[in-house]
Amino acid sequence: MALNLKEFTRFEKQIILKKIGISGQKKIKRAKVLIIGIGGLGCPLLSYLASSGISNIGIVDHDKIELGNLNRQILFDTSDLGKYKVNRAKVKIKKIYNQIKIKTFKTKISKKNIKSILKKYEIICDGTDNFNTRLLINDYCKKNNKILISAAISKFDGHLFKFNFKKKTPCFRCFMPQQPFQEINCDVEGIFPPVAGILGSLQANEVLKTILDLKDDISGNILIFDSLKMIIRKSKIQINPNCSNLCKN
Ligand SMILES: [Zn+2]
């Protein structure tokens, strides 16, 4: 898969980075990434992945754009209200870079459809806002040796995880075996808009590092961002010997 002159010019500022180069840009072009949830996290994540040159991206979301989304879902504007997020996101991204293949899935991930949606993608990005879906995606990725890069946001804080299930690793269920008593998400708890942008961008950062095979990523760790204290902490997730996914050391 060669790069033409137009591509070279478009991506020149990243190609000149020693850790990317022409060979890295080709890896980026070849990558297949799925983004689940085109909300506060999915909008910046999709924008950065598309503008970096990933040419095969799938997007999953069943929601329509509402006025209350516009404080943080930066791909959308008032003319998009009432329209499906995946459709509008595709139109906007095509304006940035029309060479990208974007496959839209206007649905909610379920036990029935997860295989047919996820199977063609190597890297799965989870930006959904509920634990049931998060656990379903985790379990599928674990079983099928995918790479899962997840983010979650609430109030002034954000969490970021990466699990490379091609290797020995804990999973999300090791960290949180069951749905908590009370669901925590933006709708209930509120969200500080830049936290969505920061975590979505951090997710893009880890996706690109994974594609480029750069070391020092956050695999098997949780990254916790506190926007009020301006602190980022990274801590290792322990493998839970009782995990129902049979995670083992
Ligand atoms: Zn586990």
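Predicted model: local features only at pLDDT ≥ 70, side-chain atom pairs only at ≥ 80, totals over all residues.

Reader: Where does Met230 lie?

Author: Met230 is in the loop between strand E7 (221-226) and strand E8 (231-236). Helices (H or I, at least four residues) and strands (E, at least two) are DSSP runs, numbered from the N terminus.

Reader: And what's phi of Met230 like, positive or negative?

Author: Positive, near 55°, and Met230 isn't a glycine. Most residues other than glycine have a negative phi. Leu246 also has a positive phi, near 55°. Leu246 lies in the segment after E8 and counts as exposed, because 9 C-beta neighbours are inside 10 Å.

Reader: OK, new topic. Is Cys171 buried or exposed?

Author: Buried, because Cys171 has 25 C-beta neighbours inside 10 Å. You'll find Cys171 in the loop between strand E6 (157-164) and helix H8 (172-175).

Reader: What is Cys171 in contact with, leaving aside neighbours within four places in sequence?

Author: Asn138, Lys142, Phe163, Cys243, Asn245 and Cys247. A contact here is two C-beta atoms, placed from the backbone, within 7 Å.

Reader: Let's go to the helices. Why is H4 called largely enclosed?

Author: Because 8 of the 11 residues of H4 are buried, the rest of the structure largely encloses this helix. Among the buried ones are Cys43, Leu46 and Leu49. Their cover includes strand E1 (32-36), E2, H5, strand E4 (123-126) and H10.

Reader: How do H4 and H10 cross?

Author: The axes of H4 and helix H10 (residues 193-212) come within 7 Å and cross at roughly 35°. Axes are lines fitted to C-alpha atoms, for helices over the stretch in contact, and angles run from 0 to 180 degrees between N-to-C directions. The residues of this contact divide into 8 nonpolar, 6 polar and no charged. Nonpolar means Ala, Val, Leu, Ile, Met, Phe, Trp, Tyr, Cys and Pro; Asp, Glu, Lys and Arg are charged, and the others, Gly among them, are polar.

Reader: And what angle do H4 and H5 pack at?

Author: About 35°, with the axes 10 Å apart. Leu46, Ala50 and Ser51 in H4 meet Ala89, Ile93 and Ile96 in H5. That contact has 5 nonpolar, 1 polar and no charged residues.

Reader: Last one: how many residues are in the largest nonpolar core?

Author: 57, and Val33, Ile35, Leu46, Ile124, Cys125 and Leu199 have the most contacts inside this core. H10 gives the most to the core, with 9 residues. Such a core is a set of buried Ala, Val, Leu, Ile, Met, Phe, Trp, Tyr and Cys residues joined through C-beta atoms within 7 Å. Beyond its neighbours within four places in sequence, Leu199 is in contact with Leu41, Ala151, Ile153, Gly158, Leu160 and Phe225.

Notes
Residues numbered from 1 in each chain as written. Buried ≥ 20, exposed ≤ 12 C-beta atoms within 10 Å, placed from the backbone.
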